[in-house]
Structures are given as C-alpha cells and as structure tokens.
Amino acid sequence: MILLDDLLQAGGKLHNAAATQHFNDLAYDSRLTRPGELFIALQTNRADGHDYIPAALEAGATGVLCTWPPHSAANATVIVSDDPLALIQRWATQRLRQVNPAVVAVTGSVGKTSTCQVIATLLATQKPTFKSRQSFNSLLGLPIAIARLHDEQRFAVLEFGADRFGEISQLAALFPPRVAVVTTIGPSHLTTFGSLSNIAHEKGALVAALPHDGWAVLNGDNPYVTALRERTIAQVLTFGCGVNCDLRASTIEFSLQGTRMQLHWRNQTVTALVPLLGEPAVTITLAATGAALACGMELELIAETLKAIEPIAGRLRPLEARGGATLLDDSFNAELPAMLTALRTMAALPARRRIAVLGKPADIGPDADAAYAEIGALAAQSADLLVCKGDWGQLAVKAARQAYPQLEATVVHTASAALEALPTDLGPDDLILVKGHAEARMERIAAGLLAPAIEPTHVLVRQEPAWHSVRIGTPDRPTWVRVDLDAIAHNIRRLRTIAGVPLMAILKADAYGHGAIRVAQTAIASGATALAVATLGEARALREADITAPILVLGYTPPWQAREAVFLDITCTVFDLDVARALAEAATALQRIATIHIKVDTGMARLGLPLGDVVPFLQALHAGDLPPHQANKRITRPGLYIEGIYTHFATADSADETFAHQQLRVFNTVLAEVTAAGLRPPIAHAANSAALLRLPDTRLDMVRAGIACYGLNPSVATPLSADFRPALSFHTEIAQVKAHPPGMPISYGGVFITAQHSLIATIPVGYADGLRREPAWREVLVRGQRAPIVGRICMDYAMIDVTKIAGVKRGDPVVLIGTQGEKHISADEVANWLGTINYEVVSTILPRVPREVES
C-alpha cells in the first residue's frame, strides 16, 4: 500500500483535496491500470503520460502523479511534481528503508529473472520474502515494483538491469544491496555498451556498492565476472563448474523433468534436482544457492527446496504441445548467449525430432551478421528442422545449410507462417524450441502450439489484453509502411482456389511496394509454384536471398545479360532470336539449361511476337544453329528448354470484355497452330489478376496473379470479393503543431493561405517518400478524423490542417493509407485523387520508407 503522506514527504505537492489517503499500487500504463491505483504520468520519447490520464481514471485509478494537473480529475487525488520519476524513486528508497529488508540484488547479461525467482523461493522458507516483478529492473521498473513490498518482509530480491551507462550504480545507490549476484557477462546490449569490458564495468558497480559485511556471489566460470572481485570490499563466493569455484556443480544430468546435479560447498556434497532445463538451470541453481548460502541457509535445506521451484513463463519452460509433443517455451527474450544456450539445451534433451523456431535475437551489436551465422551453424547441429522468423533468418538459414546441407530450414515472417511451416504430424517425443527477442513476439507461436486443453494466458508471457495493441521496438524512422504478410498468404490461397491451376505470383516493383523478398517467401509457402519479376536485377535479388523457386523475367532481357540469367537459373521471356541465341550459347558455356517462355502479342502492342511469327520462331529455335531444344528440363544436355508460351491482356480489367475475349481467341488459335506443328511448350498462360477473376477460360495451364495478391482491386470494374484483405498501410506521426493567424501562407510558394486562426501540423513525409505533390495527396487520418493536406507537399514534409481536431500533439499517429478508428483511406481513394490507379500508389512508395511486417 502506498500512503499519500509518504509521497508528499518525498516531495509531491497536493493539487486538490485528497480523495483518498492511500493507493493499492502504482501504474505507468493506462491500459494496465486497475482500480485503486496511482497513475504516474511520465513523459518519454514516445509518448506523454498526461494524455492518458483520462483513460487511467476511467480504468479506476484513484490518484494521479503528474507534472501538470489534468483539466478534470473528479474523485481522484492529484499529486504534482516537477519530476514524477525522481519523486517515485525517492519514495521507493524511503519505503525500502522503512521496511529494512536485506536486499539481494541480481544482475548479469542473462538469467536475472529466473535467478531472482529461485533465490526468492529459497529465502521464503526462512523469512517472508519480496521479489521484484519479472524484468521490473530499471530506474522506473524497480520503484514501481517496490510498491508491493510489505512491512513484514525481511528479504527483498531485486533484479538490476541496465540499458545505459551508470544505471547500475544509480540503482545500487537507491536500493543498497546486502548480497550482490552476478550471473554472467556476455555479448548482450553491445549496441549500448560497445564491449564486454564495458558491460563488466557497468555490472561491477553493483559489487562495488556492497558493505564490508556483504557478499558478492560471482560466476567463477566467467572471467569477466570473476575479475569483479577486485572491485568489492565484501566477502566473495564464487560459483560454477570449475574446480576453483567455492560452490561447484558436478555430475550434471539433463532431462525434460529437470536438471540433476551434485552441489559441492566447503566439505559438503548434496544431490539436487531442480525442475529447470539445460545449461541455464545449472547457472541459475548455483547463483541462487550461493545467494541463499550468503543469507545463512544450509546446503541440505537448499537442495530440498530446489525440488519445489516453479518453472517461469517464457524461460525454457516445457509445456505440452499439440499432438503430444513438448514445447520448450523460451519466448520471453533472446540475447545471443541465451539463444545459443537454448539450442544446446534442446540438443542435450532426449527427442525423436528436434525443431527450432527462432526469432531475431536482441541487441547483437556491430557483428550481427556473424552472430546470425553462428546461430544458424549451431542450429544445424542441434535441430532436425529450423524455422527462422524475420529477415535475419536468411543469414542463419544460409549458415545452417552450409553446415548441414540436408537440413530442412525456412524463413518466415509471421506467427501464422511459422506454425504452417511446422510438420503436421507432431507427436510424442517431438521437441519444439520457441525462442526470440520480445520484438519477434514468439509467444504468439507458442500459443499456436499449445495443446488444446492449455489456456495460453495461464502459462505464456505477454498475454494481457494490453499486449494486443503494444508495439515493441521502433521503425527506422517515424514514417513507415506496414505490410500484413498473413493477408498476402490468405489472398494467394484464395486465388489458387479460384484458379484451380498453378499460380505464378507477380513481384514486379518490389512486389508492388510490399517487399519482394518477404512476399516471395510468403507466396511460395502459400502455394505459389513460381514467381515473376520485371527485370533480371529483381530476379537476382531474390536469388541472393536464397529463393530457389522458378522465377520468370517478364520484361526484355538483352543479350549481354544472358550469361547471368542462365547462371542464376532465371527463366527469360523471349521474342527475339538474338536473345535466344545468346541464352543458348550461355547455356552451352556454363553446361546448363536456359529456360525460356515465348511471349506472343495478341493485342497489347507492347512486347511479343506478331501472330504470324510464332510458329516460324519456334521452328528456328530447333534449327541447327542453336543447341537442341530440350523436351524435358530433367535432361541435362546444355541448351534451351522452351517451358512456356504466354500473352498479356490489355483490357481484362475493363467493363467491356469484348477485346479480352478477342485476344483469348487469337491466343488459342496460336496454341492450336503450335500444337499442330508439334511445338507447344508445356505451360501456356494468359490470365492476370483481372482475367483470373472474370474470365475462367483464360486460366489455361497457369495464372499470373499480381495486384490481387496484395488485396487491391484490379480495377473499378473488377473489385475483389470482401474476403480479400489489403496488405499495405502507410503511416507517419505528427512532428510539430503550430497556431497560425488568418492570412498566413503555408509551405512553398504560399499558394495556401489560412482563412482563420488555424492549427497546422507538420508530418515527416513528402514526395521523396511517395506522397505525390501534383496532383496532390488530399487527406490523412489523425485521431480517427480526416485532416486535409494544405500547401505544397515538400520533399520530406507535408502540412495538415488540424484546426477541427481536438488535442493533436507531437507524436500522434497519422495514417496515409489504412484505417484509424472508424475512418479509412484506401489506395483506391488515393488513386482517384491522383488521377491514377492503385498499382501506382503503392508501387511508388519509395525505398527509403521502411517496411515493417505485422508479426
């Protein structure tokens, strides 16, 4: 319980008549606020807590701690402070002094939360014990955690974290330790600290704060930790497996039931079984045992108590999965050392089949590529199947395949795609490790794997309703595109069902602005049998991403690119004998097969053979001056393989289908002629998205789906059915809001002049991002309302009139394409403003706008 008087003594000022004299707990997030709590309105780089005071009060908060009081706080106590965070820190320090428990502080690169849990379980057998909540380990988190400290508790087990220099020393000053535990020091938070030495220096501030009669409990197997003994005047207890450690483990056995080991301390040896898994269990058990010994517990009692340890959610916790398989849920987070340890743990446990489902590890630092490769190589040794979620996985999978070419490995980008990549026959003795950084939201995969009888909210991390809307991490800039790859997968499956024949997914223009590599991986996983691009460069990018599916270049490939096309196994569109000859010669030189599709112009009047030239052209490809045509690509003799013949419709998306039907008749005539001549290639294709949907006779041997894959209408005359899902949304945020008087010119040229007192907001997006200048993009969504763009759109910025929208401030989300509240701006609407088509709207969002995947 938090007393109002204690908060006032810490420096708070009462703004109004006190509605209550005490609070049940502290809250910092309005979405997590519960009745009776004190809401702290904090200002951060991402948000201002003052904007969420009404939501916190609506959730039941009975008090508010803020820098400036809200307009209305009926029935709530309002406390004002120039620095609410500093006030809460002072209050927490005072509260800890009042209760005066012995503080056991735990820090390290990994394993802090689990170590705290075990220490608290052990000490609770001796005296009432407080433990800080999971990962509430910062200058904000620990003071909030202290709010749950009770008067009778004699031990306080606190987790100390650091994401900047000096934080550990500040925490140690606020909450002085009696016992300091350092679990390990490894390559985590390297982006912040730069080196292991710097990390060791930061963590060492904890042991440096110990008094003479305190204890430093240090990992004796880690040289960086062991060296910290030089920084303390306290007693030192080292733990590990090395013979020189004061507390030592030996005879270690791993199983799914837990970890058995012998513990050696001074002249005693006991056997301990702890229901935690793998290598982490050894370090956690030793660190916790060392802390308990420092607090006066006997070794035999410690060993007996260890049997009752509860596995912690998200930390290598074994759970029953579907089909009777075992899920190793390690989804809470993933520093590099923890990722490697988890893979070794999986390898050490008995299983018929081991499956690793890995998300991006956290904060690798400048050597990320090498770290990803290290993970992949170890996964190849540890797993029978590897599924990597996210772009990082391309390097991991490549390294895994180099280490073990037979390994089944794939890259996915969403939780649903990861689940679909797993075997359908999961059963007993299958072991599935799920691990990744919090940003990867691997708990969503774990939830999909659980046995039906298990409720995810009871066993998994980040299951509170607030997490459904929380966005972990930040994009590369405050303007970004969000791509829903699950929507693309859904759309492709629908199109395949409609078509009834193989589907080629069109990825021109970086997959119509959606990101070609990610879309390619999604398309193939969703049943597309081939891919198509416009240029060899686009095809090369896919091959460099280890995409091995057939790729057709729809556009012109000049003869000088023939050798690279053959080398990369790219299928080329051919309508010129010189190009065909260059491809055939390249195939001979490289001892490979050059696969081609013949394009026929049936009315588009763009690329392709005239109708009367098709049969002679095919005959020429069999003539003596070219290497022989291969009837079957499985034949290894170098030369041309004429796999396909196709055409393209000019008006399939038009209301009038007359010309499209005419083109189809012409193409069918050509097909009849080449068939009669014995020259028909195996695959004939003609249908684009519009024809696939409207003209069943065009589907032939294969369809080419483009715009419909992305959930966008091929045209006004060819709308998609309601179950198709648009995959792209376009976002930015408010950079600044200014009040202007009437008569104020806005932006270049002063072509817009305010007619009244106006609030004009600037957003960091411009024509260099794809926000069209002329004709101009007209509106955006702010706070669920439409706001007009005013003045000329600049290269990097645009101005919007928010006069009629209450409360707009810096950082407010802005939607350019997509939904906000009940309002929606579609790519079709934008296209109508710009006098163009939705294809162009999404394809011309420029590459400097980062693409973020909905995971």
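## A walk through a predicted protein chain

Among contacts in the protein chain between residues at least 6 apart in sequence, 64% join residues at least 24 apart. Keep in mind that this is a predicted model. The chain has 855 residues, and 55% of them count as buried. Along the principal axes, its C-alpha atoms fill a box of roughly 95 × 75 × 45 Å.

**Nonpolar cores**

Let's go inside. The largest nonpolar core holds 124 residues, and those with the most contacts inside it are Leu-531, Leu-583, Ile-598, Trp-777 and Ile-800. Helix α23 (residues 577-590) supplies the largest share of this core, with seven residues. There is also a second, separate core of 54 residues, which includes Leu-7, Val-99, Phe-136 and Ala-216.

Leaving aside residues up to four places away in sequence, Leu-531 touches several others, among them Met-504, Ala-520, Ile-524, Leu-542 and Pro-550.

**Two helices that cross**

Two packed helices are described by the angle between their axes and the distance between the axes. Here, helix α10 (residues 278-294) and helix α11 (residues 299-306) have axes that come within 10 Å and cross at roughly 135°. Which word describes how α10 and α11 lie to each other: parallel or oblique? Angles over 145 degrees would count as roughly antiparallel and 65 to 115 as roughly perpendicular, so α10 and α11 are oblique to each other. The crossing of α10 past α11 is right-handed. On the α10 side, the contact is made by Thr-285, Thr-289, Ala-292 and Leu-293, while α11 brings Leu-299, Ile-302 and Leu-306. Sorted by class, this contact of α10 with α11 has five nonpolar residues, two polar ones and no charged ones.

**Backbone details to look for**

Most residues other than glycine have a negative phi, and most peptide bonds are trans.

| Residue | Phi |
|---|---|
| Arg-441 | near 50° |
| Asp-510 | near 55° |

Arg-441 sits in the loop between β22 (430-435) and α16 (443-449). Is Arg-441 buried or exposed? Buried means under 20% relative accessible area, so Arg-441, at 5% relative accessibility, counts as buried. Asp-510 lies in helix α19 (residues 508-512), and with a relative accessible area of 38%, Asp-510 is partly exposed.

Finally, look at the peptide bond joining Glu-774 and Pro-775: this bond is cis, with omega about -10°. Pro-775 is found in the loop between β36 (758-763) and β37 (779-782).

Note on methods:
Residues numbered from 1 in each chain as written. Predicted model: local features only at pLDDT ≥ 70, side-chain atom pairs only at ≥ 80, totals over all residues. Heavy atoms only, no water. Axes fitted to C-alpha atoms, helices over the stretch in contact; angles between N-to-C directions. Helix = DSSP H or I, 4+ residues; strand = E, 2+ residues; numbered from the N terminus. Parallel < 35°, antiparallel > 145°, perpendicular 65-115°, else oblique. Left-handed = near helix turned anticlockwise from the far one by under 90°. Contact = heavy atoms within 4.5 Å. Nonpolar A, V, L, I, M, F, W, Y, C, P; charged D, E, K, R; others polar. Core = buried A, V, L, I, M, F, W, Y, C linked by side-chain atoms within 4.5 Å. Buried < 20%, exposed > 50% of the residue type's maximum accessible area, 1.4 Å probe, protein only.
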